[in-house]
Amino acid sequence: QRLPSRHGIPLSMAAPASDGILDTIATMSSVDWDDRIGLQAKWTNAEKGWKVNVEWKQTPFGAGLFAAEDIEPETVLRVG
């Protein structure tokens with residue numbers, strides 16, 4: 001039995017707020033999937049559901065996500 005999907009992503013995994021991102025990825029003609037930080041820069045952090053300030057940086061292990069502010073315990077970091 002196949003689950004309903006949109007752009008190959010099961011609907012149960014796609015949050016309504018992410019519909020714009022899904023539509024954009026599905027219609028992008030040239031994406032450098034190896035440029036992880038460049039890909040992250042295509043949308044704002046708010047569009048990606050981040051509730052705190054974060055920034056992407058290159059590390060010796062690849063792209064890394066770092067807090068760009070002090071974060072109190074039990075803070076919701078991201079929704080979606």
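Val54 touches Asn45, Leu65, Phe66, Ala67 and Ala68, leaving aside residues up to four places away in sequence; a contact here means heavy atoms within 4.5 Å. The model is a predicted one, in which local features need pLDDT of at least 70 and side-chain atom pairs count only at pLDDT 80 or more, while totals for chains, interfaces and linings use all residues. Residues are numbered from 1 along each chain as its sequence is written, and side-chain values use heavy atoms, with hydrogens and water left out.

The setting of Val54 may be described next. Val54 belongs to strand β3, which covers residues 54-59; helices (H or I, at least four residues) and strands (E, at least two) are DSSP runs, numbered from the N terminus. The relative accessible area of Val54 is 11%, and this residue is therefore buried. The classes are set as follows: buried means under 20% relative accessible area, exposed over 50%, and partly exposed in between, with a 1.4 Å probe and protein chains only. Although Val54 and Leu65 are 11 residues apart along the chain, their C-alpha atoms are separated by 6.7 Å.

The partner of β3 is strand β4, formed by residues 62-67, and the two pair in the antiparallel sense over 6 bridges. Two strands are taken to pair if DSSP finds at least two bridges between them.

Beyond residues up to four places away in sequence, Thr59 touches Gly64 and Phe66.

Which residue forms a salt bridge with Lys57? The partner is Glu55, and the closest N and O atoms are 3.2 Å apart. The criterion is a side-chain nitrogen of Lys or Arg within 4 Å of a carboxyl oxygen of Asp or Glu. A search of the whole structure finds 1 salt bridge. Lys57 has a relative accessible area of 39% and so counts as partly exposed; Glu55, at 33%, is partly exposed as well.

Glu74 lies in the segment after β4. Its phi is near 70°, a positive value in a residue other than glycine. With a relative accessible area of 84%, Glu74 is exposed.

The protein as a whole contains 2 helices and 4 strands, arranged along the sequence in the pattern β-β-α-α-β-β. It has 80 residues, of which 18% count as buried. Among contacts with a separation of 6 or more, 28% come from residues 24 or more positions apart. The protein exposes about 6,300 Å², and carbon and sulfur atoms supply 53% of this area. Accessible areas come from the Shrake-Rupley method with a 1.4 Å probe; for residues, only the protein chains shown count as cover.
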